[in-house]
Structures are given as C-alpha cells and as structure tokens.
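Here is a short briefing on selected local features. Please view the sequence and structure first.

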Amino acid sequence: MSATVIDFVELLPPSGEQYREGLQKDVSELPKVPAPIYRHAAPSAPWPWMDFDTDASEVHPFPPGELGQDPEWSHYPQSLFRNWTHDQVERCGILKFAPNEPCSVYKVDVFKDGSFDKNDEDRTVEVQNPRAYWERLETCPPSDIRVRALFVENMTVPVLQILGTKYNVEPFFFASSANWIPSRYEEDPKPDEDHITVVLPFIRMMKNQKPLTRTKPVRTPSLPLDGFDALGEDSLPYKDEKQIIDTQAPLLLPDNIILLQDLLAIHMYRTPTTSTILSYHPSSELQRTSAKRLQSLVQRTGDSVYWSKIFARSKDPTFLFLAILWYALYEWDEAFEVLYRYINALESDVLRYNDLKLTRELHKLQAHLLYYQQLLRDFKVSVEFVRDTRNPAMSVLASTPEEWQDSEELMRKEANNLTSEIDRLSGQRQMLSDRLQNVIHLAFASVNIADSKAMQKLAVTTMIDSAAMKQISYLTMIFLPASFLANVFSMNVTEINPPTTGSLIRYVEVTVGLTVLTSWVAIALQKESNFHPQDPNIWKRALWPMFYAFNLIYTAVKQALGFTEHRPVRNAA
C-alpha cells in the first residue's frame with residue numbers, strides 16, 4: 001500500500017502500525033482502563049468537566065481577532081465551543097495527547113453507487129506537518145463520494161484540533177474517547193445534516209506478546225487455543241497473587257491469553273454531499289485495535305455480497321457506521337469462546353481438587369462477567385440509538401418519500417439483526433455466569449463434604465474416647481467407696497479404732513453395701529439409662545433395680561418359650 005506523506009522528511013519514523021508490531025510489551029502490566037465518569041458523557045450535560053468548587057461561573061466568549069497569525073484550528077475547542085474554558089479542557093485531558101510515534105490517518109471511501117474505492121493510492125497519510133494536512137482537508141472531496149471514513153492512529157493535539165475544527169466536532173467526543181466513557185448522542189441537528197457519536201468499550205481476546213515476568217516463579221501451563229484441558233493442581237494459573245478482582249484491568253487466562261478492554265469511538269458528520277466518519281484509536285502502546293486493522297476490515301466490507309447490496313439499495317451513509325459496530329460483536333464472540341473453554345477446565349478442576357484458590361478464581365471471573373453485562377447493555381443501546389436516529393440528510397438524498405421509507409426499514413432490519421446477536425451474547429454471558437455460580441456452589445459443597453467427613457471422623461474418635469472415659473468412670477464408681485472406707489478405717493481415732501476390733505470381713509461388708517448404694521443413687525439420678533423402664537419418672541428411677549431384674553427375668557422367659565420380640569434398647573445418657 002502506498003502512503004502520502006505530508007512534509008516528507010528524509011528519515012521517516014515508523015508508522016503507528018509498524019510501531020505496534022515491533023512493540024514487545026507485557027499486556028498484563030498495562031495500566032487499567034479508568035472508571036467511566038458518566039456525567040461528562042454527552043453535550044446534554046450543561047457543565048462539562050467543571051469543578052463546582054474552583055471554576056469561575058462566568059464564561060468569556062473567544063474573541064474572533066485573537067487568532068492573529070495562528071492557524072484557524074489552533075484554538076479548538078474554545079474557538080467553536082466557548083463554554084469549554086481552559087480549566088475544563090485541561091481537566092478532561094483532550095489536549096494532552098503526546099504519542100511517541102507519528103500520527104497516521106487511514107481512509108475508506110464509499111462512492112454514491114455503493115461501491116468502495118479499491119485504489120490504494122492516497123489511502124494512508126502520515127501527518128508530519130499539521131498546516132499541510134489542514135490544507136489537504138480543506139480541499140473538497142470528489143463529488144461522487146457518499147461517505148469518507150478516517151481512522152486516526154496515535155492522534156496528536158494538532159490533528160485533534162484540525163479534525164474538530166474542520167468537522168465542527170463537539171469536544172465531548174474526544175473527551176469521552178480519551179477517558180473511556182460510554183456515550184451516544186446526536187448533536188447540532190439541522191433539516192439536512194447532523195452529527196452522531198458512539199463511544200463503545202468492548203472486550204476482545206489477544207495473545208500476550210511475551211511471557212510474563214514475575215518476582216516469584218509461577219508455573220503457568222501451556223494450553224492450546226482450541227481448548228483448555230484440565231489444568232492440574234501444580235499448574236493452576238490462579239496461584240498468581242497478582243490476580244485480583246479488578247474489572248477495569250486486563251483478565252489474564254492460561255497460555256498468556258488476555259481479555260482486554262478495547263474502545264470503538266466513532267463520530268459521523270452526516271450531510272447531503274459527502275458524509276464523514278471519524279474513528280479515534282487509543283495509543284498503540286496500549287495494544288488496542290489499530291486504525292489500520294479497522295480500516296482494513298471496513299474496506300473488506302465492500303467485498304461482502306450482502307453488504308454490497310445494502311450500499312447499492314440505500315443512499316444512507318449511516319450503513320457504513322452500522323457496519324463498523326459489527327467489529328465489536330466479532331470481538332465479543334471470540335472472547336466468550338475463550339471464556340467458555342476456560343470455565344470448562346475450571347469445572348473439571350473443581351471436581352478434582354479442593355483448593356481455596358479455585359474459589360478465588362471463580363469469584364474473579366464472576367465479577368468480570370457482571371461487568372460485561374453492563375458493557376453489553378451499552379452496546380445494545382448504542383445500536384438502538386443508531387437505528388432510531390433518523391438521518392436528516394436523507395430528505396435530500398432520497399428521491400421520493402418511498403425511497404426514504406424503504407431505507408429506514410432496511411436500517412431497522414439490519415440494526416435489529418445486530419441487536420439480536422447482542423441478545424445472543426447476553427444470553428451466552430448469562431449462561432457462563434450461571435455455570436460459574438453452579439461451579440461456585442459445587443466448590444463450596446465439596447468443601448462442606450470434606451468438612452463433614454472430617455467432623456465424622458472426629459465424632460467417631462470422640463465416641464471412642466467417651467466410651468473409654470465411661471469405663472473409667474464406672475471403675476471409679478466401683479472403687480470410690482472402697483477407697484473412701486479405706487481412708488476412713490485408717491484414721492487413728494477412738495470412735496473408729498477404740499482399740500482395734502475391725503476385720504477384713506467387716507471392711508468388705510461395709511464397702512459392698514456402700515458401693516451398691518452409690519451405684520443405686522447414681523443410676524437413679526440419670527434421666528436416661530438402659531437400666532430404667534420405659535418413660536421413667538422419679539419413682540420408677542428410684543426403684544430401677546426391681547424393674548431391671550423383672551425385665552431380665554421376663555426376657556429370659558420369653559426366649560425360653562421361643563418368643564423373639566425384644567424390648568428396644570435405650571440409649572444411655
């Protein structure tokens with residue numbers, strides 16, 4: 001592909017795409033995407049990027065004669081949008097673009113007959129001299145072009161000001177794009193022209209360009225892209241302590257696969273002559289979709305028989321805008337395919353291993369899936385916005401009201417096709433979330449089962465110990481009276497030994513009697529015992545020897561007579 005270079009220099013720096021291809025960066029170490037500030041997403045907000053505590057309430061209009069020798073575009077956005085003060089522009093950060101590589105602009109032209117310009121000449125522009133590029137844009141495009149799409153790689157401040165001034169772009173577009181704020185709005189509608197903007201974050205899958213380098217060695221399995229096998233207890237990727245729950249950061253999967261948040265930021269100026277689409281792309285250092293890649297995909301849309309018929313049937317340039325939105329759906333679909341295979345592997349691991357790190361990984365994935373729900377909802381709302389926002393330029397482009405009506409019906413049909421695919425993705429996300437929830441329940445159930453088995457073993461051990469202690473207690477109960485009496489009889493007092501007249505027989509008689517009495521009282525005081533009759537009260541417990549003896553005799557007689565009925569054994573207390 002040939003490229004036109006504005007103010008060609010002898011030593012030309014690498015293009016944005018070449019810089020991206022040569023960049024070897026650990027994607028997992030990239031700064032996370034900032035949390036969106038929704039209140040600054042659209043022009044309907046009356047105080048863009050204001051600090052109510054510090055900003056002055058008075059806004060001074062930009063003096064027309066203040067330009068002096070400066071180019072017309074050099075004071076954007078204040079020159080066109082006077083409510084954007086210097087403090088607000090600084091706060092939103094749209095004039096802080098300072099990429100290390102040159103700015104490249106890739107172009108796609110669609111003719112009025114619906115065909116795409118196949119000529120590679122003059123399709124890529126490397127902007128070295130902003131004044132020369134401004135003069136280039138001031139040149140009117142050929143009259144047979146229906147829509148021109150400009151994909152800007154590594155946007156610099158002069159290029160931003162040039163495009164904003166040339167196409168009268170609201171600064172909200174650049175502010176939302178630079179700050180990753182999902183937004184969609186129509187601005188400056190007129191009877192035959194308007195502006196529409198869609199800023200849409202989405203998720204795409206990519207392979208990390210180099211193995212991860214960490215302070216501690218972590219064994220990461222090498223898994224094929226076409227399917228994740230069971231990971232193995234010693235090679236779980238979620239053993240990395242760096243994997244925290246942060247939905248704004250890239251999601252690291254096995255085999256150095258990254259689920260990265262990307263951005264589709266497109267602005268369209270719709271006119272009866274030549275409409276213009278501007279596509280903003282983050283710096284190539286962030287490893288997002290390059291302008292060259294998206295331009296190449298949009299250019300190939302003209303090779304599709306289906307879309308060629310659409311462009312030939314309708315004069316509405318918005319169909320090219322709608323076609324660009326399909327790119328986000330393709331990336332979403334590929335990301336969910338990878339997640340599906342990974343969750344399959346996690347389910348196998350949960351069945352095989354009882355590891356707390358598995359539960360952490362499951363919760364991390366669940367958090368990301370919940371965040372994806374919001375992104376998919378924004379995606380669907382954006383497509384519905386494009387579908388429901390009529391193109392006022394069609395009042396001039398359409399030859400008859402019937403032609404305009406036919407174009408609107410076709411737009412509604414194609415937008416509904418895209419929204420139905422988004423609904424499919426939402427259903428797939430819900431299915432993955434439900435499966436994760438099921439796996440989480442399974443993981444907790446496995447832990448509970450393991451705990452139950454441990455408690456069962458502990459209970460058996462406790463019962464054995466309890467039985468041993470009970471035997472010791474019985475022995476103690478038997479020998480306690482004897483020990484007591486031995487101590488009593490050994491006392492050298494007159495009341496007991498006046499002179500000594502005791503004998504061993506007397507000691508045994510008193511000991512046996514006191515032991516029987518102690519056993520009687522101890523068993524009688526127990527509310528539940530095998531020696532008690534059914535439903536014993538205090539009197540039955542007190543007379544337990546008679547009931548117990550009667551029960552023994554009754555049972556022996558029944559067995560002697562051939563009866564097999566037995567009294568149910570009661571549990572001892």
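Asp262 touches Trp180, Leu200, Pro201, Phe202, Arg204, Arg288 and Thr289, leaving aside residues up to four places away in sequence. The model is predicted.

- Asp262 sits in strand S8, which spans residues 257–270.
- Its relative accessibility is 0%, so Asp262 counts as buried, the cut-off being under 20%.

**Helices H3 and H4**
- H3 covers residues 130–138, and H4 covers residues 157–166.
- The two helices pack at an angle of about 20 degrees, and their axes lie 10 Å apart.
- H3 is therefore roughly parallel to H4, since angles under 35 degrees fall in that class.
- The crossing of H3 past H4 is right-handed.
- From H3, the contact uses Pro130, Tyr133, Trp134, Leu137 and Glu138.
- From H4, Pro158, Ile162, Leu163, Thr165 and Lys166 take part.
- Sorted by class, this contact holds seven nonpolar residues, one polar residue and two charged residues.

**Cysteines**
- What is the disulfide count? The count is zero, with a sulfur pair required to lie within 2.5 Å.
- Cys92 has 2% relative accessibility, so Cys92 counts as buried.
- Cys140 has 70% relative accessibility and therefore counts as exposed, the cut-off being over 50%.

How values were computed: Residues are numbered from 1 along each chain as its sequence is written. This is a predicted model: local features need pLDDT of at least 70, side-chain atom pairs count only at pLDDT 80 or more; totals for chains, interfaces and linings use all residues. Side-chain values use heavy atoms; hydrogens and water are left out. Axes are lines fitted to C-alpha atoms, for helices over the stretch in contact, and angles run from 0 to 180 degrees between N-to-C directions. Helices (H or I, at least four residues) and strands (E, at least two) are DSSP runs, numbered from the N terminus. Angles under 35 degrees count as roughly parallel, over 145 as roughly antiparallel, 65 to 115 as roughly perpendicular and the rest as oblique. A crossing is left-handed if the near helix is turned anticlockwise from the far one by less than a right angle, and right-handed if clockwise. Contact means heavy atoms within 4.5 Å. Ala, Val, Leu, Ile, Met, Phe, Trp, Tyr, Cys and Pro count as nonpolar, Asp, Glu, Lys and Arg as charged, and the others, Gly among them, as polar. Buried means under 20% relative accessible area, exposed over 50%, partly exposed in between (1.4 Å probe, protein chains only).
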